[in-house]
Amino acid sequence: MLWRRNLFAPLAALALALTASAGAGTAAAVTDTHVVAAAPAASAADDFGAPGPYATAVEVGAITTLYYPRDIADSDRRHPVIVWGNGTGGVPLVYRDLMLHWASQGFVVAAANTPMSNLGISMRASIDMLTGRNADPGSIFFDRVDLEHIGASGHSQGGAAAIVVGSDPRIDTILPIQPGPLANINAVRVPALLLAGQRDSIVFPALVKAFYNAADHIPALYGEVRGADHFTVVGDPGPFAAPTTAWFRAHLMGDRTARAQFFGPGCGICTDTATWSDVRRNGLALSIPAATP
């Protein structure tokens, strides 16, 4: 497909550049747990773009790279899961800042290592792997992974993969970022936030709107990030960090403040014209109240 060929070269080049700049620290992470500097405490409760209260760590495996709260073994709670799919030719390192941001907010992020994620096979395998480690008394993840609350996300081809994986009964919500066209949203049975970039010339906003328009059987929202191109989310996720965090906190953590960003008459993203060039909510999304009963 032409869109895949156009995307592969810049993502592959960026991955190589980031790998080179990461140096020995990244190489060590392949065989050991790489500990990241402690994140500062979260600031205002509704500042979802600010780092969360958890220090983070990274574990690079053969199939999956895990980003997670560093002291998860000593945590007094179970942590929800986000499974991630890369864009064509990409690897988790390309999206490292976003993955670490989510981990600092208390999520276990399982990023598939594959640069060709469209079928979602590695993303499903990540859930299987975490299920096993959650049940293993010798694992730092033992009884600390909330497998009842799992979201799926990804960028470009990985965004399409998030839609594909959205048919898995273990998934509670999906958040495709600039998803490629090779997916069927009619098979999804959970709420969806579909993100586009206003200036995306690879996955045009119209392609993301097509998914949104077809998603009339589930609560669906469409958000078009003002000024964003196809690679705005790569590296520093910028305007994508706060809304993606809020969406997952709302659906996987029951965060009421986060929920009000998307639902009810005071919908936060609906009035934030500085961040969004277009926001749409379908009828099922409009029927969801801002506060849970």
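Predicted model: local features only at pLDDT ≥ 70, side-chain atom pairs only at ≥ 80, totals over all residues.
**Reading rings, strands and a pocket**

Visitor: What kind of pair do Trp247 and Phe263 form?

Guide: Trp247 and Phe263 form a tilted aromatic pair, with 6.0 Å from centre to centre and 45° between the planes. Trp247 lies in helix H7, and Phe263 in the loop between helix H8 (256–259) and helix H9 (268–271), so parts that are 16 residues apart in sequence are tied together. Trp247 and Phe263 are also buried. Elsewhere, Trp84, Tyr95, Trp102, Phe107 and Phe248 make up one aromatic cluster.

Visitor: Turning to the strands, how many residues of E2 are buried, and in which sense do E2 and E3 run?

Guide: In a regular strand, side chains alternate between the two faces of the sheet. Strand E2 (residues 56–60) has four of its five residues buried, so the rest of the structure largely encloses it. E2 and strand E3 (residues 64–69) run antiparallel and are joined by five bridges, with Val60 opposite Thr65 in E3. Three residues lie between E2 and E3, and the two strands form a hairpin.

Visitor: Which strands pair with E4?

Guide: E4 (residues 79–85), in which seven of seven residues are buried, runs parallel to strand E6 (residues 145–155) and is joined to E6 by seven bridges. E4 also pairs in the parallel sense with strand E5 (residues 108–112), over four bridges, and here Val83 stands opposite Ala110 in E5. Together, E4, helix H3 (residues 96–104) and E5 make a right-handed β-α-β unit.

Visitor: How much space lies in the second largest pocket, and which residues are the closest to its centre?

Guide: Empty space is shown by rolling a probe the size of a water molecule over the atoms. The second largest pocket holds about 160 Å³ of space; 13 residues line this pocket, and Ala242, Pro243, Gln261, Asp272 and Trp276 are the closest to its centre. Helix H7 (residues 241–252) gives the most to this lining, with three residues. By class, the lining has seven nonpolar, three polar and three charged residues.

Technical notes. Residues numbered from 1 in each chain as written. Heavy atoms only, no water. 1 Å grid on protein atoms, 1.4 Å probe; cavity = no way out; pocket = protein on both sides within 12 Å on 5 of 7 lines; lining within 4 Å. Points joined across faces, edges and corners; volume = space filled by probe spheres on them. Nonpolar A, V, L, I, M, F, W, Y, C, P; charged D, E, K, R; others polar. Buried < 20%, exposed > 50% of the residue type's maximum accessible area, 1.4 Å probe, protein only. Pairing = 2+ DSSP bridges. Right-handed = clockwise from strand over helix to strand, strands pointing away. Phe/Tyr/Trp six-rings, centres within 6.5 Å; stacked < 30°, edge-to-face > 60°.
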